[in-house]
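Dear colleague,

Please find below the structure I promised to pass on to you, with its sequence. My notes on what was found in it follow.

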Amino acid sequence: MAEIVLDHVVKRYPDGALAVDDFNLEIADGEFIILVGPSGCGKSTTLNMVAGLEDITAGKLLIDGQVVNDKAPKDRDIAMVFQSYALYPHMTVGDNMGFPLRLAGLDKDTIRTKVQHAAEMLELTQHLDRKPANLSGGQRQRVAMGRAIVRSPKAFLMDEPLSNLDAKLRVQMRTQISRIQKNLGTTTLYVTHDQTEAMTLGDRVVVMRAGVVQQVGSPAFLYAHPANLFVAGFIGSPAMNFFPGQLKPDSVVTALGEAKLPDRVRQQLNGATGTREVIVGIRPEHFEEASLVGDKPGATFDAPVDIVEAMGSDVYAYFTMQGDQAHSQELDDLAKDTGNELHSGGVDVTARLDAGADVRRGQTARLWYDTSKIQVFDASTGKNLITD
Amino acid sequence: MQPETTNRKLMWWGVNAIVLLYAFIPVLWIVSLSLKDDATLNDGNYFPTSPSDDSYTAIFNNSDFLRALANSIGICIIATLIAIAFGTMAAYAIARLDFPGKRTIVAMALLVSMFPQIALVTPLFKIETAVGLFDTWPGLIIPYIAFALPLAIYTLSAFFREIPWDLEKAAKMDGATPYQAFRRVITPLAMPGIFTTAILVFISCWNDFLFALSLTSTSNARTVPAAMSYFTGATTFEKPTGPIAAAAVVITIPIVIFVLVFQRRIVAGLTSGAVKG
């Protein structure tokens, strides 16, 4: 168990490509940190630098107060779970899990006890004599976890450990990983591109884009106070809706019409005065059918609903508003990552409404949105203008 | 579907039969020759009319042949072991590491195998007589290794490239030194490749005739292919066809055994289960 500090860490490849730029993070002992971002954002490179599998170009990496930049992986005492599991196919499950202990030169009885203990924790006891080839995906994943757990390292590094599992198993393993981490209290650095994993697992989440840290914070904080368009669009599922608009002294004009800004939002926008181009972000759950809202403050508009998905607990309504789509480098990056590059002739909106909402496909519905929860981003820099 | 699969089967049986016939007619002929006695040797029958073990008795009573057999086995096994040991390490380095001069090494390995052996026989003869290696086991083992290494390096590096990188990273993270990772994770997984290469190297040494003939002068280090050419008949004018055929059959047997033993090891898909599923 240890604290890990990344101090101005930079990774530049010999060909000049900058993979990670000025990464600063202090990970407290026992903390569960998630590195999240679209593919190619430098999150795995960061993990590999902590592991010692890749050299650090500049900056310092400290584990337990010691600079370990030049230490070999084996001298850092950290364990890693790979996306591919990387099990040794010629060894049995038990031998796989005991391998780090055998390398450490422990005696046979100690190894057997420790492997047994880890196997019980992961429910692998009856598979100890099988070869990885005869295991299911979920079992292999657990063996990979077991190999990391068995030697009680200072920290766990996990590189998308769940991405090869099917959806149902992924949810199961997610809770299991969370439980194991809490039980052992081992510092964990977890890389994923899945924002659900980021939201559910981590004590703190680090959102990266193109090698640069965008924001660090608890999942709830990132969700409620995204620092910029990229974080806003990446965190949350379904994603936040974005509308280009003009900010006026006490209102904002978007495809949804003109909405008066509540006093609190206006105060938080104190730095941004005068009329300017902005992008307004509204989360799907901040919409509601107007008749269900009563007289709570907010703005209403008519939505030509295309599609309605009744999920039982909620109703999802999809519609397209006339107007230009919000454009920024950050949103385009996100769209590219999710493969969502289709452009309809307007602003696509997803709204999550109460199960009792009376919306039908093909009909126009009167919808309300909570103006106190909106996010306002600068159209050119993408920075969130609402500050606390 | 049924008639089609039957037709397919018949077709494959036919093709297999043709290939087998093509390959085995000369082999069976040699076996047949080795079983004929002097009187029926040239009778033109494909199968021996009165099988006899005269030829086999003759070669196994020939001390030169027995000595040559021992030489062959010893020299080829030693050459194979050394070539595999060095070849494995070199191939691993070429497949996995980035070091200055890597391309040169690969090019040199290819260059060595491009030389016609006959062009090297005279210089090798001169060198070996000068340093006292002529007509000794090392005198044959060293050139065999030199010619086997390029083959070993090329086949083995292909096998090493197949092994997922992640396994090595995992070994490093588990606390292995680079040598431990190589020895305990990579080598066991490359075993099918190592055995395949060992068989190829062994066969190429075993079948060598040129060096065995030119770099030896007595039964001290002469291997079977060369020794066979020194067989003599009952009279100077009689060709020892029977014993040569018998010797040819005998020296095929170790190779067949060697392949059968190691074939079990050449199981495909040994790395399955290493990464995802």
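Predicted model: local features only at pLDDT ≥ 70, side-chain atom pairs only at ≥ 80, totals over all residues.

As to confidence, chain B has an average pLDDT of 86, and 92% of its residues score at least 70. Among the elements of this chain, helix α3 (residues 63–96) has the highest mean pLDDT, 93, whereas helix α11 (residues 241–263) has the lowest, 85. For the complex, the predictor gives an ipTM of 0.81 and a pTM of 0.79.

Where the two chains meet, chain A contributes 25 residues to the contact and chain B contributes 23. On the side of chain A that touches chain B, the elements giving two or more residues are β6 (78–81), α2 (93–103) and α4 (137–149) of chain A, and the residues of that side comprise 17 nonpolar, four polar and four charged.

One further detail concerns chain A, in which strand β12 (residues 251–254) pairs with strand β13 (residues 257–260) in the antiparallel sense over four bridges. A hairpin of two residues joins β12(A) to β13(A), and A:Val252 has A:Ala259 in β13(A) as its bridge partner.

With best wishes

Notes:
Residues numbered from 1 in each chain as written. Chains lettered and ligands numbered in written order. Pairing = 2+ DSSP bridges. pLDDT = per-residue confidence, 0-100. Contact = placed C-beta atoms within 7 Å. Nonpolar A, V, L, I, M, F, W, Y, C, P; charged D, E, K, R; others polar.
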